[in-house]
Amino acid sequence: PYGHQQYAPGVSADPRAQLASGVDQFMIRTNAWMAAGVGITGLAAFLASSSETLLITLFAGPMLWVTLFAPLVFVMIFASRIPKMQPNTAIGVFLLFSVIMGVSLAPIFLAYTGASIASVFAISAVTYGALAIWGFTTKRHLAAWGKFLFMAVIGLIVSGVVMMVMSYGFHMTINPVFFMARAMIGVLIFAGLTAYDTQKLKQLYLVRGGGGNLAIIGALTLYLDFINLFLFLLRLFGGSRD
């Protein structure tokens, strides 16, 4: 019981005050792991894009579907098991997922110029940072956004699958206007999720502390927000290669 603990002079005995004083460090640690995952993804994507043999193997024929859907299946399994993992195992699997995601994103280095990828990445980083800071500091409760944003993400996934089946399976051309509209909606959704998830992680920490691999769970959540924000911005502003 808290009443039986001894505290050094000058240290608050209120556990809520202790949590409040540690929330900044927790969010910094969470975002540091997120940034590490993004960095590994970028490196893996660049290296994979440099190997013509690897690209042909992964993105031609039936392997295309495996490559495209492997990150989604992996993250669904991983996310459900993180709380039960040892901390080092959770970190290792998160970094492994970052590599898998990077390999699946290798074609962006063939579709877009390096300069446009770098500029859109910078825009994404600034946008993410501003939204995360707002989500962390705002007094406005964002809980009401959760269900709406979740359903919107499901809609994006379903529409993406339908587009891939139509273009690859039925060889149909999708109207570019639809691509642009979907990209703009995607930017709005993941911008909202960045603020919402940041506030949610802060509140979770204040309620129960940082145990149970919460930092890695948070890093994975924010990583997915950032990657999707970047990809949708890239579709809007990325310069295509000739």
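Biologist: What pattern does the protein chain follow when read along the sequence?

Modeller: The pattern is α-α-α-α-α-α-α-α-α. The chain has nine helices and zero strands; here helices (H or I, at least four residues) and strands (E, at least two) are DSSP runs, numbered from the N terminus. This is a predicted model, in which local features need pLDDT of at least 70, side-chain atom pairs count only at pLDDT 80 or more, and totals for chains, interfaces and linings use all residues. Residues are numbered from 1 along each chain as its sequence is written, and side-chain values use heavy atoms, with hydrogens and water left out.

Biologist: Where does helix 3 bend?

Modeller: At Phe69, by about 40°. The bend is the angle between axes fitted to the seven residues ending there and the seven starting there. A proline, Pro71, follows within four residues, and Pro71 is among the buried residues of helix 3, along with Leu64, Thr67, Val75 and Phe78.

Biologist: Why is Leu54 called partly exposed?

Modeller: Buried means under 20% relative accessible area, exposed over 50%, and partly exposed in between (1.4 Å probe, protein chains only). Leu54, in helix 2, has 33%, so it counts as partly exposed. Ala35 in helix 1 is partly exposed too, because its value is 44%. Over the whole chain of 242 residues, 39% count as buried.

Biologist: And what makes Asn213 buried?

Modeller: Its relative accessibility is 12%, so Asn213 falls in the buried class. Asn213 lies in the loop between helix 8 and helix 9, with a positive phi near 60° although it is not a glycine. Most residues other than glycine have a negative phi. In contrast, the positive phi of about 80° just after helix 8 belongs to a glycine, Gly209.

Biologist: What makes Phe97 and Tyr223 an edge-to-face pair?

Modeller: Rings of Phe, Tyr and Trp (its six-membered ring) pair if their centres lie within 6.5 Å; planes under 30 degrees apart count as stacked, over 60 as edge-to-face and the rest as tilted. By this rule there are 11 aromatic pairs. In one of them, Phe97 and Tyr223 have centres 5.8 Å apart and planes at 70°, an edge-to-face pair. This pair joins distant parts of the chain, with Phe97 in helix 4 and Tyr223 in helix 9, 126 residues apart. Both Phe97 and Tyr223 are buried. Ring pairs also link them with Phe74, Phe78 and Phe94 into a cluster.

Biologist: How do you know that the charged end of Lys202 sits over the ring of Phe136?

Modeller: The rule asks for NZ of Lys or CZ of Arg within 6 Å of the ring centre and within 35 degrees of the ring normal. The charged end of Lys202 passes, at 4.6 Å from the centre of the Phe136 ring. Arg235 passes as well, with its charged end over the ring of Phe232, 4.9 Å from the centre.
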